[in-house]
Amino acid sequence: VQAAAAEVGAALEGTNLTGAVLREASLIGCKLSQAQMLEADLTRVNLSSSLLSGANMSGVNLASAVLDGADMSGCLLRGVNLSGSQLAGAQLAKADLTKAQLEGTNLAGAQLSGVCLSGATLER
């Protein structure tokens, strides 16, 4: 799957995007809660203000992505690459970021209560 843009606020709850290639896609405000996105390539994607709660995003490449204000509460983000990404004001409560790559990630104002960061790489 390759896409350049989705309608702002598109309802895609529970969608299976496993292995999808959506580099540089604009998915602003999309509703992707409970979506399955294992091993997807979302490099430089814009998911600002999107609803991703409960999504399984394990192994996803989100390098240099924009997720400002996104709700990622309870997301499964094991092994995700968030290097250089923007998550200012994002909701990450109870997310599982085990072994995540977070080098250069902007987490200013992000809600991190109950987040699992076991084995995560926070700096180079």
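Is Arg-44 buried, exposed or partly exposed? In this predicted model, Arg-44 is partly exposed, because its relative accessible area is 44%, a value that lies between the 20% and 50% limits.

**Salt bridges**

The structure contains 3 salt bridges. Arg-44 takes part in one of them, with Glu-24 as its partner. Side chains of opposite charge can pair when their charged atoms come close. The pairs and their N to O distances are listed below.

| Arg-23 | Asp-41 | 2.6 Å |

In the pair formed by Arg-23 and Asp-41, Arg-23 is partly exposed, with a relative accessible area of 46%. Asp-41 has a value of 15% and is therefore buried, since the limit for that class is under 20%.

**Cysteines**

How many disulfides does a search of the whole structure find? The search finds 0. Cys-30 is in no disulfide, and the nearest cysteine sulfur, which belongs to Cys-75, is 14 Å away. A disulfide would need the two sulfur atoms within 2.5 Å. Cys-30 is also buried, with a relative accessibility of 0%.

Cys-116 is likewise in no disulfide; its nearest cysteine sulfur is that of Cys-75, at 14 Å. Cys-116 is partly exposed, because its relative accessible area is 31%.

Apart from neighbours within four places in sequence, Cys-116 is in contact with Ala-95, Asp-96, Leu-97 and Thr-98. Cys-116 and Asn-46 are 70 residues apart in sequence, and their C-alpha atoms are 24 Å apart in space.

Which residues does Ala-120 touch, not counting residues up to four places away in sequence? They are Leu-97, Lys-99, Ala-100 and Leu-102. Ala-120 is buried, because its relative accessible area of 19% falls under the 20% limit. From Ala-120 to Gln-34 the separation is 86 residues in sequence and 23 Å in space, C-alpha to C-alpha.

Terms used
Residues numbered from 1 in each chain as written. Predicted model: local features only at pLDDT ≥ 70, side-chain atom pairs only at ≥ 80, totals over all residues. Heavy atoms only, no water. Buried < 20%, exposed > 50% of the residue type's maximum accessible area, 1.4 Å probe, protein only. Contact = heavy atoms within 4.5 Å. Salt bridge = Lys/Arg side-chain N within 4 Å of Asp/Glu carboxyl O.
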